[in-house]
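Subject: Structure for you to look at

Hello,

Please find the structure below. My notes on what was found in it follow.

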Amino acid sequence: MSATLFRTSTAARSALKAGAAKRAASVATTSFPAISGKIMELHHKNHHQTYVNSYNAASEQIAAAEQKGDIQAAIALQPVINFHGGGHINHTLFWENLAPSKNGGGGEPTGNVKSAIESSYGDFSNFKTKFNAALAGIQGSGWAWLVKNNETGHVEIRTYANQDPVVGKYTPLLGIDAWEHAYYLQYQNRKAEYFGAVWDVVNWKAVEGRLK
């Protein structure tokens, strides 16, 4: 991931914070049966913001190292960039992935997303079962994603550890956060209940918009 993904000027950092806040506003202030408003507020305000702040700090350190010609220091910071930059990207998509039922959340996909899922998994019920199994199989922290394979054109379920972003030949369509901070306040150790309930607030219109 390039260290130039987000510029670290004061104006850019302010814009980044404002953009993330705007995208998550309707999610962070709404109580869902699936995910409580308190969880979303803490998730956005504390966890996501930490990724933004840490990414910006690491970017500034890389820029300073490059100015001094300290390539070793710049290379050593790349895992930090990947983790916190990935955390920002993943969470930005996550907020867009969710919507209360009154705004179109939940239900089943339609149109091209429905066709793509049925082509790869037979039907939506089978897809959801496989997706939840992928979530449950994540050891520790990570994400499960519905992605488009840009080489084959098919959609696939893939899991990523920690905050690794979806890059390369895959386009992220729908991501579900399997970190404990995404559900523990409400579901505690019953993460399978969270994996089952989150489908009630999936924003399929956003997914449709990413499927090209």
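The chain has 9 helices and 3 strands; helices (H or I, at least four residues) and strands (E, at least two) are DSSP runs, numbered from the N terminus. Along the sequence their pattern is α-α-α-α-α-α-β-β-β-α-α-α.

This is a predicted model, in which local features need pLDDT of at least 70 and side-chain atom pairs count only at pLDDT 80 or more, while totals for chains, interfaces and linings use all residues. Residues are numbered from 1 along each chain as its sequence is written, and side-chain values use heavy atoms, with hydrogens and water left out.

Of the 212 residues in the chain, 46% are buried. Buried means under 20% relative accessible area, exposed means over 50%, and partly exposed is in between (1.4 Å probe, protein chains only). A contact means heavy atoms within 4.5 Å. Among contacts between residues at least 6 apart in sequence, 70% join residues at least 24 apart.

The cores

A nonpolar core is a set of buried Ala, Val, Leu, Ile, Met, Phe, Trp, Tyr and Cys residues joined through side-chain atoms within 4.5 Å. The largest one has 47 residues, and the members that touch the most others are Ile35, Phe127, Phe131, Tyr194, Trp199 and Trp204. This core lies between domain 1 (11–99) and domain 2 (102–211), because both give residues to it; the domain bounds come from an automatic or database domain assignment. A second, separate core has 7 residues, among them Tyr55, Ala74, Leu77 and Ile81.

Leaving aside neighbours within four places in sequence, Trp199 is in contact with Gly106, Gly107, Phe124, Phe127, Lys128, Phe131, Asn132, Leu174 and Trp204.

Helix H2

How far apart are the end C-alpha atoms of helix H2 (residues 37–67)? They are 44 Å apart, which agrees with the 45 Å that 31 residues should span at 1.5 Å a residue. The expected span is 1.5 Å times one less than the number of residues. H2 also has a kink of about 30 degrees, centred on His43; the bend at a residue is the angle between axes fitted to the seven residues ending there and the seven starting there. Gly69 follows H2 and has a positive phi, near 75 degrees.

His91 counts as buried because its relative accessibility is 0%.

Helix H5

Which residues of helix H5 (residues 111–121) are buried? They are Val113, Ala116, Ile117 and Tyr121. These residues cover an arc of only 100 degrees around the axis, so they are on the same side of H5; the arc is that of the directions from the helix axis to the C-beta atoms. They pack against helix H6 (124–136), strand E1 (142–149), strand E2 (155–161) and helix H9 (204–210). Just after H5, Gly122 has a positive phi of about 90 degrees.

Asn112 is also in H5. Not counting residues up to four places away in sequence, Asn112 touches Glu208 and Leu211.

A loop residue

Thr152 is in the loop between E1 and E2. Thr152 counts as partly exposed because its relative accessibility is 46%.

Regards
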